Amino acid sequence: MSASPLAALPPQQVGPAVWYGPDMARRTDWVVPLSDADIAEVEAAMAPLVARAADIARITRADFPLPSLGPRLAAALAALLHGRGFVVLRGLPVGRYSPREAATAFFGIGAHLGNARSQNAKGHVLGHVRDLGLSSRDPNVRIYQTNERQTYHTDSCDVVGLLCLKTAKSGGLSTLVSSSAIFNEMRLKRPDLLELLFQPVATDRRGEVPAGMKPYFEIPVFSWHEGHLSAIYQRQYIDSAQRLDGAPRLTPQLIAALDLFDTLANDPALNLHMEFRPGDMQFVHNHTLLHDRTGFEDWEEPERRRHLLRLWLACPGARPLPAVFAQRYGSVMVGDRGGIIIPGTTALNAPLEAV
């Protein structure tokens with residue numbers, strides 16, 4: 001008689017990172033309103049940097065003193081890494097800021113949470129999430145450059161941050177789901193399929209290939225390491241990796257496991273939808289949550305179109321990751337991991353416009 005699949009799996013997950021969307025929607029502790037005093041403190045730190053056109057990509061925590069807000073950001077980081085896995089800072093008055101002011105303020109706040117990492121082959125440590133009129137059918141396009149739904153995924157860093165500058169005409173909602181809750185549901189319903197998600201799976205790098213690496217990486221969807229359950233996932237890129245020579249083929253059983261994972265992520269009983277307001281800053285822990293964006297219709301006028309700034313952060317005090325993550329993260333060293341660096345990547349930089 002064969003052993004139960006449960007014997008090969010980590011235990012059911014417990015703790016604040018295991019949450020369900022309807023319950024979370026009734027809570028307000030994940031929204032941190034910025035007071036007038038908070039905003040004044042941010043602007044006092046921002047102003048001298050803007051005045052001398054400081055290189056945003058090199059702003060450190062020491063360059064951006066936040067004596068009162070800083071301790072609250074430390075508490076937010078603890079909730080990100082060891083609690084529910086996300087936080088929304090609300091009320092930055094971006095409508096009165098220039099592009100440089102908004103970027104400087106966001107980067108300075110982010111520096112209190114972690115170290116910025118490159119988000120693409122161009123070495124951008126400040127990203128721009130805008131529809132550039134592209135299509136994900138192009139294997140070298142990443143979905144944030146389109147107006148398409150992203151589907152539930154993780155980014156290649158400990159924490160991803162977004163600052164909403166402008167919203168779309170319709171759509172473009174942010175949605176989150178706990179990967180630990182998905183794990184528990186699969187463990188309960190189909191442990192045989194869940195077991196397959198602890199095996200390496202090929203994920204397309206979309207043309208951004210580090211030196212000496214394959215055009216895809218092979219990391220399991222779920223990893224259990226030193227008592228931590230961590231997830232890495234992007235279904236479209238798993239599927240598109242099948243076009244690449246040498247990529248291991250998806251078996252019918254693995255496809256069934258990925259389909260169940262997607263079904264659970266899309267279940268309203270698990271996920272949480274939120275509508276961004278201009279000035280909202282959302283930070284999400286990639287190892288315990290997946291995030292998504294609904295498709296959107298944008299404004300005709302270029303100056304009104306949906307626009308978010310993005311940070312990828314390597315955070316001090318983050319969890320240990322298994323060595324296999326180095327295929328994507330470059331390193332698993334806490335505080336110095338994640339991001340995308342390839343041959344030809346220029347110096348790290350923070351563009352003020354989408355390029």
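Reader: Let's begin with the open sheet of 3 strands: what order do they come in?
Author: The order is β12-β7-β14, and the pairing is antiparallel. Here two strands pair if DSSP finds at least two bridges between them, and helices (H or I, at least four residues) and strands (E, at least two) are DSSP runs, numbered from the N terminus. β12 (272–274) and β14 (289–293) stand at the edges with a single partner strand each, so one side of each has no neighbour in the sheet. From one strand to the next the twist averages 25°, where axes are lines fitted to C-alpha atoms, for helices over the stretch in contact, and angles run from 0 to 180 degrees between N-to-C directions.

Reader: Before we go on, what kind of model is this?
Author: It's a predicted model, where local features need pLDDT of at least 70, side-chain atom pairs count only at pLDDT 80 or more, and totals for chains, interfaces and linings use all residues. Residues are numbered from 1 along each chain as its sequence is written, and side-chain values use heavy atoms, with hydrogens and water left out.

Reader: Thanks! How many bridges join β7 and β12?
Author: Strand β7 (residues 174–178) pairs with β12 over 3 bridges, in the antiparallel sense. L176 has L272 of β12 as its bridge partner.

Reader: And which helix lies across β7 and β14?
Author: That's α5 (residues 179–189), running at about 50° to β7. Contact, by the way, means heavy atoms within 4.5 Å.

Reader: Switching topic: is β2 enclosed or open to the outside?
Author: Enclosed, largely: 5 of the 5 residues of β2 are buried, so the rest of the structure surrounds most of this strand. Buried means under 20% relative accessible area, exposed over 50%, and partly exposed in between (1.4 Å probe, protein chains only). Both faces are covered, with F86, V88 and R90 buried on one side and V87 and L89 buried on the other.

Reader: Which strands does β2 pair with, β1 and what else?
Author: Strand β1 (residues 31–33) pairs with β2 in the parallel sense over 3 bridges, with V32 opposite L89. β13 pairs with β2 in the antiparallel sense over 4 bridges, and there V88 stands opposite Q282.

Reader: Nice. Which residues touch the most other members of the largest nonpolar core?
Author: F64, L92, M281 and F283, out of 44 residues in that core. A nonpolar core is a set of buried Ala, Val, Leu, Ile, Met, Phe, Trp, Tyr and Cys residues joined through side-chain atoms within 4.5 Å. The elements giving two or more residues to this core are α2, α3 (69–82), β2, α4, β5 (159–166), β13 (281–285) and β16 (307–314).

Reader: What does F283 touch?
Author: Leaving out residues up to four places away in sequence, its contacts include F86, V87 and L89, along with F106 and L313. There is also a second, separate core of 28 residues, which includes V221, A231, I238 and L264.

Reader: You mentioned α4; how many of its residues are buried?
Author: 10 of its 13 residues, so to speak mostly covered. Among the buried ones are F106, F107 and I109. Helix α4 (residues 99–111) reaches 18 Å from its first C-alpha to its last, close to the 18 Å expected at 1.5 Å a residue; that expected span is 1.5 Å times one less than the number of residues.

Reader: Now charges. How many salt bridges are found in the whole structure?
Author: A search finds 17, counting a side-chain nitrogen of Lys or Arg within 4 Å of a carboxyl oxygen of Asp or Glu. E43 forms one with R96, and their closest N and O atoms are 2.6 Å apart. E43 lies in helix α2 (residues 36–51) and R96 in the loop between β2 (86–90) and α4, so the pair ties together parts that are 53 residues apart in sequence. R96 counts as exposed, at 56% relative accessibility.

Reader: What about D192 and its salt bridge?
Author: D192 forms a salt bridge with R190, with 2.8 Å between the closest N and O atoms. D192 is partly exposed at 33%, and R190 is partly exposed at 37%.

Reader: Last one: where is M333 found, and is it buried or exposed?
Author: M333 is in the segment after α9 (326–329), and it is exposed, with a relative accessible area of 52%.
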